Amino acid sequence: MDVSKEYAEELDRQDDLAHFRDEFYIQPGTIYMDGNSLGLLSKRAEQTLMEVLDSWKHFGINGWMQGDHPWYYLSENLGKMSAPLVGGKPEEVIVSGSTTTNLHQLVSTFYQPIGTKTKILADELNFPSDIYALQSQLRLQGFDPNEHLVQVQTRDGREISEEDIIEAMAEDVALIVLPTVLYRSGQLLDIARLTEEAHSRGIVIGFDGCHSVGAIPHKFHEWGVDFAYWCNYKYLNNGPGGVAALFVHEDHFGKTPGLAGWFGSDKEKQFDMSHTFNPAGTAGAYQIGTPHVLSIAPLIGSLQLFEEASIERVRNKSLRATQYMMDLIEHELKPYGFVIGNPTEDHRRGGHVCLEHPEAARICKTLKEHGVVPDFRAPNVIRLAPVALYNTFVEVWETIQILTRIMDEALYEKHPNERDIIA
């Protein structure tokens, strides 16, 4: 392969998304490879945040129905903008809550233990917050999580086998909750296949899309996924703690949400102030509280960028960039004991490269000293995410050159091999 900088520059010249980089605030002297954890601020997101602030400034409470982005319908309107990213109908997606509160909402709705069908199936590599929520929901139903939460085991510490998941779909399983993409290794599960297998056994299935939405196209409606939920601050660049989103298949419209709240009401009846809950006939029913307007505002601008770029083009560049990074790693870093821990096949790989090394924590610290922002995950993972809308192929090349120098000169040895408070 061509490992020259000139080749990377040529790839950038051919990149039809290259102009989107100008939409983002890129810090001089920094290569940001952590967009899979927190996306960068775009000028468009900043603009729409300021527009919503201006509505508050000029309209006060009338901002609920006036201004460029009336707050009363903001969650629904952003749901419509988000729907193409996940392959949902506009009415099947709502922007609301946080990842974990949305999971609590969905599990409280769709986990209906009957007779011996009482267990929830998950996996042992999922993000901890999901597991905490599932354990909590089981306890609320009077079940012992140690007995009723089944976690499919990994064979190699990196991936979860779809065959093992399907084998675990036993008669006593009432609900399945899985990630679309495993947060450490970046493994992309076969969502369509798992959904079909679950439904053939009469099991409801939902997915955590935090590490895929905004990087990978999905077809949640077509695949028949019952529900999904995701954050918007990673690949969708909504800012730290930005409002999350959820999908509920239209087949479940009319089902009363497990956690009812005022903003889940039918919009035409909400201000009747009745003590009888009249839920919206869409995914909007799964809202609980008043929208966090200022935390949702940047997403307006962010989703405008995705409308212009298209998720298909984003995925295409993401695959090319991660493949290029893996090729460089194989060529440059093999002598230093690095192992690529993510699937290498396009159809099984998410949006980041999982690079394993025994000295990962101290290597990450050294990368930051040299202007590269990576992400460490215990015990030995360096996550590097070349994000399609703002990272370049030259940045991928430079990242691997810097990493090679760090290893060649053993620059990492001055740091202790332990994570900081925030990894």
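Which domains give residues to the lining of the second largest cavity, and where does that leave it?

Mentor: Bear in mind that this is a predicted model, where local features need pLDDT of at least 70 and side-chain atom pairs count only at pLDDT 80 or more, while totals for chains, interfaces and linings use all residues. Residues are numbered from 1 along each chain as its sequence is written, and side-chain values use heavy atoms, without hydrogens or water.

Now your cavity (points on a 1 Å grid over the protein atoms alone where a 1.4 Å probe fits but cannot get out; lining residues have an atom within 4 Å of a point). Domain 1 (5–32 + 311–409) and domain 2 (46–309), with bounds from an automatic or database assignment, both contribute to the lining, so the second largest cavity lies between them. Its volume, the space filled by probe spheres set on grid points joined across faces, edges and corners, is about 70 Å³. Around it you'll find G214, A215, Y235, F306, V314, S318, G351, P386, V387, A388 and L389. That makes eight nonpolar residues, three polar and no charged, taking Ala, Val, Leu, Ile, Met, Phe, Trp, Tyr, Cys and Pro as nonpolar, Asp, Glu, Lys and Arg as charged, and the others, Gly among them, as polar.

For context, the structure has two cavities of 30 Å³ or more. Helix α12 (360–369) and strand β12 (375–377) each supply at least two lining residues, with α12 giving the most, four; helices here are DSSP runs of H or I, at least four residues, and strands runs of E, at least two, numbered from the N terminus.

Follow β12 and you reach an open, antiparallel sheet of four strands in the order β9-β10-β13-β12. β9 (339–340) and β12 stand at its edges, each with a single partner strand, so one side of each has no neighbour in the sheet. Pairing takes at least two DSSP bridges, and two bridges join β9 to β10 (353–356), with V339 partnering E356. Helix α11 (311–332) packs on this sheet, touching β9, β10 and β13 (381–384), where contact means heavy atoms within 4.5 Å. Its direction makes about 20° with that of β10, from lines fitted to C-alpha atoms, for helices over the stretch in contact, with angles of 0 to 180 degrees between N-to-C directions.

How values were computed. On a 1 Å grid over the protein atoms alone, a cavity is a set of points where a 1.4 Å probe fits but cannot get out, and a pocket is an open set with protein on both sides within 12 Å along at least five of seven lines; lining residues have an atom within 4 Å of a point.
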